[in-house]
Amino acid sequence: MGARRRVQVRRVYDDALPGDGARVLVDRIWPRGLTKAQAGLSEWCKPVAPSTALRTWYGHDPERFEEFARRYREELTEPDRAEALAHLRGLAADGTLTLLTATRDPDISAAAVLGGLLG
């Protein structure tokens with residue numbers, strides 16, 4: 001019986017915790033007011049982020065989250081995004097993976113959609 005993957009979603013502005021494992025920023029835009037040293041990232045996986053058009057349409061409106069998640073999962077089948085998603089799957093298979101986002105509400109973010117797919 002294999003171990004269950006541990007994938008968590010957190011804000012990039014939160015302090016790193018010892019159990020974070022690989023810390024991967026999954027936003028397309030660098031978080032405002034944060035230096036690379038402060039972020040404490042393992043990597044920045046921009047290619048997995050939603051398109052600018054989708055992100056702009058969504059605008060983090062909670063009423064649009066379900067449709068955003070559907071459209072985003074569809075985008076994740078595009079070759080570049082699918083490759084980035086496969087990379088994240090590999091990181092998750094190796095241990096704890098923490099998906100980081102600058103979004104105020106990570107529960108309705110692209111990182112949450114990814115966490116659902118990877119967890």
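Biologist: How many bridges join strand 2 to strand 3?

Modeller: Keep in mind that this is a predicted model. Strand 2, residues 22-25, runs parallel to strand 3. The number of bridges joining strand 2 to strand 3 is two.

Biologist: Okay, and which strands stand at the edges of the sheet?

Modeller: Four strands make up an open sheet with parallel pairing, in the order 1-4-2-3. The edge strands each have a single partner strand, so one side of each has no neighbour in the sheet. Those are strand 1 (7-11) and strand 3 (43-44).

Biologist: What angle does the direction of helix 4 make with that of strand 4?

Modeller: Helix 4 covers residues 79-94 and packs on the sheet, touching strand 1, strand 2, strand 3 and strand 4. Helix 5 (residues 110-118), for its part, lies across strand 1 and strand 4, at about 160° to strand 4. For helix 4 against strand 4 (97-101), the angle is about 135°.

Biologist: So how do the two helices sit, and which residues of helix 5 make the contact with helix 4?

Modeller: Their axes are 10 Å apart and the packing angle is about 60°, which makes helix 4 oblique to helix 5. Helix 4 passes helix 5 in a right-handed crossing. The contact residues divide into five nonpolar, no polar and one charged. Helix 4 brings Leu85, Leu88 and Arg89, and helix 5 brings Leu114, Leu117 and Leu118.

Technical notes. Residues are numbered from 1 along each chain as its sequence is written. This is a predicted model: local features need pLDDT of at least 70, side-chain atom pairs count only at pLDDT 80 or more; totals for chains, interfaces and linings use all residues. Side-chain values use heavy atoms; hydrogens and water are left out. Two strands pair if DSSP finds at least two bridges between them. Contact means heavy atoms within 4.5 Å. Axes are lines fitted to C-alpha atoms, for helices over the stretch in contact, and angles run from 0 to 180 degrees between N-to-C directions. Angles under 35 degrees count as roughly parallel, over 145 as roughly antiparallel, 65 to 115 as roughly perpendicular and the rest as oblique. A crossing is left-handed if the near helix is turned anticlockwise from the far one by less than a right angle, and right-handed if clockwise. Ala, Val, Leu, Ile, Met, Phe, Trp, Tyr, Cys and Pro count as nonpolar, Asp, Glu, Lys and Arg as charged, and the others, Gly among them, as polar.
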